[in-house]
Amino acid sequence: MLNKISSKFHAWAKGWLVFVLMLLDGFFMGFIMPLIGGLLKDGTGTQQPMDLQFFSTPAKLFAMVESYGEYGRAFYRSVELTVDILYPIIYTLAFGLLLSWLFQRGFKSDSKMQKWNAMPVGAWLFDLLENLGIVAMLSTYPAQMTAIAWLTTIFTMVKWTFVGATILLAVIGLVMAAKNGFRKQVNRK
């Protein structure tokens, strides 16, 4: 399945599409998500979305859920079930196609590096699992399901690990593509 995704990303990796998706990702990251985060705050500036933490204990997560208040919990749940489903799709496509475009210029087409363009799919999968955990905690408040909180923390940590690996691969791809003058690499027999 990852081979199919990798192939699709390579087929779709047109410069204009990468550019548009990266702009859309930047719009979400720089405007939409901070706006949502601001709406979640209570005026003290202390509240933030749970999915921005790399590691949290269940006690901290439950304290965050409580601090959102009734309106904040309903708002956050709505965000998790709408915007935070759309945004992972956008960043997965943006970075999957960016890696593909860079790797096509940084490595020969038969290089094993070409398949690493599917790395953002891991961030997408664990982001969605994390969202499910957050929705479960928000929906069942005041109950405190410790197992769900721990799973959500694990999903969050794995998501951020995939995000970090994706960024590292983008830097490697950029360096290699620049080294090759951003020309598509072909195999020579």
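**Entry 1: Thr153**

I began at Thr153, which counts as buried at 4% relative accessibility. This is a predicted model, and I kept that in mind for every entry below. Thr153 belongs to helix H7, residues 146-179. I then asked which residues Thr153 touches once its neighbours within four places in sequence are left aside. I found Phe54, Phe55, Ser56 and Leu61.

Next I stepped along to Ile154, which is in helix H7 too. Is Ile154 buried, partly exposed or exposed? Its relative accessible area of 45% makes Ile154 partly exposed, because that class covers the values between 20% and 50%. I also checked Ile154 against Met50: the two are 104 residues apart in sequence, and their C-alpha atoms are 12 Å apart in space.

**Entry 2: the overall picture**

I stepped back to look at the whole chain. I counted seven helices and zero strands in the protein. Read from the N terminus, the elements run α-α-α-α-α-α-α. The C-alpha atoms fill a box of roughly 65 × 30 × 25 Å along the principal axes.

I looked up burial as well: buried residues make up 41% of the 189 residues. For contacts with a separation of 6 or more, I noted that 81% come from residues 24 or more positions apart.

**Entry 3: H3 against H7**

I came back to H7 to see how helix H3, residues 58-67, meets it. The axes of H3 and H7 come within 9 Å and cross at roughly 100°. H3 and H7 are therefore roughly perpendicular to each other. On the H3 side I listed Pro58, Leu61 and Phe62. On the H7 side the contact uses Thr146, Ala149, Trp150 and Thr153.

**Entry 4: H5 against H7**

How do H5 and H7 pack, by angle and by distance between axes? Helix H5, residues 83-106, packs on H7 at an angle of about 30°, with the axes 8 Å apart. That makes H5 roughly parallel to H7, because angles under 35 degrees count that way. I noted the crossing of H5 past H7 as left-handed.

The residue list for this pair needed its own note. From H5 I wrote down Tyr91, Phe95, Leu98, Leu99, Leu102, Phe103, Arg105 and Gly106. They meet Lys159, Thr166, Leu169, Ala170, Gly173, Leu174, Met176 and Ala177 in H7.

**Entry 5: H4 against H6**

I turned to H4 and helix H6, residues 119-140, whose axes come within 9 Å and cross at roughly 155°. That makes H4 roughly antiparallel to H6. H4 passes H6 in a left-handed crossing. In H4 the residues involved are Arg73, Tyr76, Arg77 and Glu80. They meet Asn131, Ile134, Val135, Leu138 and Ser139 in H6.

Arg73 gave me one more detail. Its charged end sits over the ring of Tyr141, 3.8 Å from the ring centre.

**Entry 6: aromatic pairs**

How many aromatic pairs are there, with ring centres within 6.5 Å as the rule? I got eleven aromatic pairs. One of them is Tyr68 with Tyr76, an edge-to-face pair at 5.3 Å centre to centre with 90° between the planes. Both Tyr68 and Tyr76 are buried.

Tyr71 and Phe75 form a stacked pair, 5.9 Å centre to centre with 15° between the planes. These two are four residues apart in helix H4, residues 69-80, so about one helical turn separates them.

The peptide bond from Tyr141 to Pro142 is cis, with omega near 15°. Pro142 lies in the loop between H6 and H7.

My last stop was Phe182, in the segment after H7. Phe182 has a positive phi of about 55° although it is not a glycine. With a relative accessible area of 37%, Phe182 is partly exposed.

Notes
Residues numbered from 1 in each chain as written. Predicted model: local features only at pLDDT ≥ 70, side-chain atom pairs only at ≥ 80, totals over all residues. Heavy atoms only, no water. Phe/Tyr/Trp six-rings, centres within 6.5 Å; stacked < 30°, edge-to-face > 60°. Buried < 20%, exposed > 50% of the residue type's maximum accessible area, 1.4 Å probe, protein only. Lys NZ or Arg CZ within 6 Å of the ring centre and 35° of its normal. Contact = heavy atoms within 4.5 Å. Axes fitted to C-alpha atoms, helices over the stretch in contact; angles between N-to-C directions. Parallel < 35°, antiparallel > 145°, perpendicular 65-115°, else oblique. Left-handed = near helix turned anticlockwise from the far one by under 90°.
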